[in-house]
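Me: I've got a model open on my screen and I'd like to learn how to read it. Could you walk me through a few features?

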Amino acid sequence: MAPFEHVVILTGAGLSAESGLSTFRDKGGIWSKYRIEDVASPEAFARDPAAVLAFYNMRRRTVLGVQPNAGHAALARLEADYPGKVTIVTQNVDPLHERAGTKDLIHMHGEILKARCAHCGDAMRWEDDLTTDLACRACGKAGGLRPDVVWFGEMPYDMDRIHAALETCDLFVSIGTSGTVYPAAGFSAKALSLGAHTVELNLEPSRRRDMFVEAIHGKASEIVPAYVARLLGR
Ligand code: BJW
C-alpha cells in the first residue's frame with residue numbers, strides 16, 4: 001500500500017536549470033535580460049510579432065540541444081514505479097520531462113516545440129524558427145503561427161484537469177518554482193486547505209514557503225532523486 005494514494009507534482013524552471021536552461025527570476029535569469037511586456041504577452045505579439053518570434057526562436061534552439069537531468073529522470077521513475085496515482089504538472093515549456101520518459105504530463109504553460117495557428121487553432125510540432133510569413137501546415141493560411149506557449153493574461157491549459165487532481169491528491173510536491181506566477185502559485189494553498197501533505201523541493205524557500213508542511217532545499221538533481229527514492233521506499 002502506497003503511503004499516499006495520489007501524488008501531484010508541480011515543476012518549474014529550477015528543475016531544468018541544471019540541464020542548462022535559464023530560470024526566469026534568478027540572478028541572470030530570462031527576465032533580467034528581457035522585459036515581460038516586450039516578449040511574453042499577447043499585446044507584445046500584436047505590436048511586434050517579429051521580435052517575439054525571435055525571442056522564442058532563440059529559446060527553441062537552446063531547448064533542442066539540452067538533455068534531462070537526474071531530477072527529470074527520478075520523476076519519470078516515480079510515475080512508472082509508484083503504486084499510487086501520480087499526476088505531473090509542469091510550468092516548463094521545454095520537453096525534458098518527456099525526454100526523461102514521463103508519459104502522462106500536463107504542460108500548463110504550453111510547449112515551445114509546438115506552434116499554434118491563430119486562423120484554425122491547430123497546434124503542431126514545430127522545431128524550426130518561426131517567422132511572420134509562414135503558412136500553417138493544417139489550414140494553409142499564412143501569417144497566423146505563434147509559439148504554443150501561455151503568455152501573461154492568457155488562460156493556462158488543462159485547468160479543469162489540474163483542479164480535479166488537486167482536489168483528490170493527498171501529497172502535493174512543488175519542485176523548482178519561485179511561486180510567483182498564478183494560477184500555479186496558488187496550487188499549494190489549495191492542496192493544503194484540502195488536507196494534503198505539502199512539500200517544497202527548491203534551491204531556496206519560495207514565495208509560497210508558508211504553504212508547505214515540509215521543505216527540502218538544494219539542487220533539484222540531488223534532492224529530487226533522494227525524495228523520490230524515499231517515496232518508492234528504496
Ligand atoms: C532551483 C535550481 C536548481 C534554481 N534546483 N531549484 C496579481 C495577482 C495574482 C495574479 C495576477 C496578478 N496580476 C496578474 C496576474 C496573473 C498572472 C500572474 O501570475 N502574474 C504574476 C507575475 C503576479 N498570471 C497569468 O497571467 C496567467 N494566466 C492567468 O492567470 O489566466 C487567468 C486569466 C486570464 C485571462 C483573464 C482572466 C483570468 C498566465 C501566466 C503565464 C506565465 N508564462 C510564463 C512564460 C511561458 C512561456 C515562456 O517560457 O516564455 O511561464 S512566465 C514564466 O514564469 C514561465 C514560467 O512557467 C513561470 C513560472 O516561473 P518559475 O518556473 O517559477 O521560474 P522562476 O525563475 O520564477 O523560479 C525558479 C525557481 O527555481 C527559484 O525559486 C529558484 O530558487 C529555483 N532554482 N535553480 C532547484 N538547480
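Me: Let's start with R146: is it buried or exposed?

Reply: "Buried" stands for under 20% relative accessible area and "exposed" for over 50%, with partly exposed in between (1.4 Å probe, protein chains only). R146 has a relative accessible area of 9%, so it counts as buried. Bear in mind that this is a predicted model, where local features need pLDDT of at least 70, side-chain atom pairs count only at pLDDT 80 or more, and totals for chains, interfaces and linings use all residues. Residues are numbered from 1 along each chain as its sequence is written, and side-chain values use heavy atoms, with hydrogens and water left out.

Me: Where is R146 found, and what does its side chain reach?

Reply: R146 is found in strand β6 (residues 145-149); helices (H or I, at least four residues) and strands (E, at least two) are DSSP runs, numbered from the N terminus. Its side chain reaches the backbone oxygen of V149 at 2.6 Å. That's a polar contact: a pair of N or O atoms within 3.5 Å where, within protein, one must be able to donate a hydrogen and the other to accept it, and residues adjacent in sequence count only if both atoms are side-chain atoms.

Me: Which residues does R146 touch?

Reply: Touching, or contact, means heavy atoms within 4.5 Å. Leaving out residues up to four places away in sequence, R146 touches F45, L53, K114, A115, R116, L130, W151 and E154.

Me: How many residues surround the ligand?

Reply: The shell takes in residues with a heavy atom within 4 Å. Here, 36 residues surround the ligand, and Y56, R59, T177, S178 and Y182 are the closest. Helix α1 gives the most, with three residues.

Me: And what should helix α6 span?

Reply: Expected span is 1.5 Å times one less than the number of residues. For the 12 residues of α6 (residues 70-81) that should be 16 Å, and the end C-alpha atoms are 16 Å apart, which agrees. N69 caps its N-terminal end, with a side-chain oxygen 2.7 Å from the backbone nitrogen of G71.
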